[in-house]
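User: I want to learn how to read strands, rings and charges in a model. Can we take them one at a time?

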Amino acid sequence: MPYIGKEPANIIATAVDTTTGDFSGVVTANAGIKVDNITIDATEVDLSSGTFTIDSASDITLDADGGAVFFKDGGTEFARIFNSSSDLILKSAISDQDMKFQGNDGGSAVNALILDMSDAGAASFNGVVTANAGVVVDNITIDGTEIDLSSGDLTVDVAGDLILD
């Protein structure tokens, strides 16, 4: 609609046909914006169907001043990553559920490591555990060619023969 005289401070437009628009300034939409099946309103982006993909030609940065990133399924939190005194914390949020580190071994999915949260985080490795600096189990230290017991007696109990060579 043309105007006469001074340009109005605000222009209200209604598109009646398939149109495109180019804006060189800020576009304010206090009631939200809807593009295809994506709605952006205040602090939330909603996708009504399908998979939401974030694709960047460079890096993707998540910068949460609250220090946490939450992972939810159907509104229920199942994991979070957060900063605690500059320590990186990976947390399984559902009581007694395991944390699994999976990989691909020659085309087959493997659980390389399972942390059993119903057993205080007991670790189950699927393969050999290599520790080049030694291993400490309770008061026993195994380091290369030496087994050291820091206190008490050492009992070796075997079902078969014990061979010391």
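User: Which residue takes a positive phi in the hairpin of S4 and S5, and how many residues lie between the strands?

Analyst: A caution before the answer: this is a predicted model. In the S4-S5 hairpin, 2 residues lie between the strands, and Gly-74 has the positive phi, near 60 degrees.

User: How do S4 and S5 pair?

Analyst: Start with the general idea. Strands of a sheet pair through backbone hydrogen bonds, and the sense is either parallel or antiparallel. Here, S4 and S5 are antiparallel, with 6 bridges.

User: What is the strand order in the open sheet?

Analyst: The order is S4-S5-S6, 3 strands with antiparallel pairing. S4 and S6 (87-92) are the edge strands; each has a single partner, so one side of each has no neighbour in the sheet. From one strand to the next, the twist averages 10 degrees.

User: How many bridges join S5 to S6?

Analyst: Strand S5 spans residues 76-84 and is joined to S6 by 6 bridges, again antiparallel.

User: What about Ile-89: where is it found?

Analyst: Ile-89 is in strand S6. Its relative accessibility is 28%, so Ile-89 counts as partly exposed. Now check sequence against space. Ile-89 and Ala-68 are 21 residues apart in sequence, yet their C-alpha atoms are 9.2 Å apart.

User: Which strand pairs with S7, and in which sense?

Analyst: S7 (residues 99-105) pairs with S8 (residues 108-116) in the antiparallel sense, over 7 bridges. Asp-105 has Ser-108 in S8 as its bridge partner. S7 and S8 also form a hairpin, with 2 residues between them. In that turn, Gly-106 has a positive phi of about 65 degrees.

User: Next, rings. How many aromatic pairs does the structure hold?

Analyst: A pair of aromatic rings is described by two values: the distance of the centres and the angle of the planes. This structure holds 1 such pair. The partners are Phe-71 and Phe-78, with ring centres 6.4 Å apart and planes at 50 degrees, so the pair is tilted.

User: Now charges. Which residue forms a salt bridge with Arg-80?

Analyst: Side chains of opposite charge can pair when their charged atoms come close. Arg-80 pairs with Glu-77, and the closest N and O atoms are 2.6 Å apart. The cut-off is 4 Å, so this pair counts as a salt bridge. The structure holds 1 salt bridge. Arg-80 is partly exposed, at 22% relative accessibility.

User: Last, the surface. Which residues make the nonpolar patch?

Analyst: Eight names to find in the viewer: Ile-33, Val-35, Ile-40, Val-45, Phe-52, Ile-54, Ile-60 and Leu-62. Together they make a nonpolar surface patch of about 770 Å².

User: Where in the fold is Phe-52?

Analyst: Phe-52 is in the loop between strand S3 (44-47) and strand S4 (68-73). Its relative accessible area is 46%, so Phe-52 is partly exposed.

Definitions and conventions:
Residues are numbered from 1 along each chain as its sequence is written. This is a predicted model: local features need pLDDT of at least 70, side-chain atom pairs count only at pLDDT 80 or more; totals for chains, interfaces and linings use all residues. Side-chain values use heavy atoms; hydrogens and water are left out. A salt bridge is a side-chain nitrogen of Lys or Arg within 4 Å of a carboxyl oxygen of Asp or Glu. Buried means under 20% relative accessible area, exposed over 50%, partly exposed in between (1.4 Å probe, protein chains only). Two strands pair if DSSP finds at least two bridges between them. Helices (H or I, at least four residues) and strands (E, at least two) are DSSP runs, numbered from the N terminus. Patches are made of residues with over 30% relative accessible area and no salt bridge: like charges are joined within 9 Å, nonpolar side chains (Val, Leu, Ile, Met, Phe, Trp, Tyr) within 5 Å. Accessible areas come from the Shrake-Rupley method with a 1.4 Å probe; for residues, only the protein chains shown count as cover. Rings of Phe, Tyr and Trp (its six-membered ring) pair if their centres lie within 6.5 Å; planes under 30 degrees apart count as stacked, over 60 as edge-to-face and the rest as tilted. Axes are lines fitted to C-alpha atoms, for helices over the stretch in contact, and angles run from 0 to 180 degrees between N-to-C directions.
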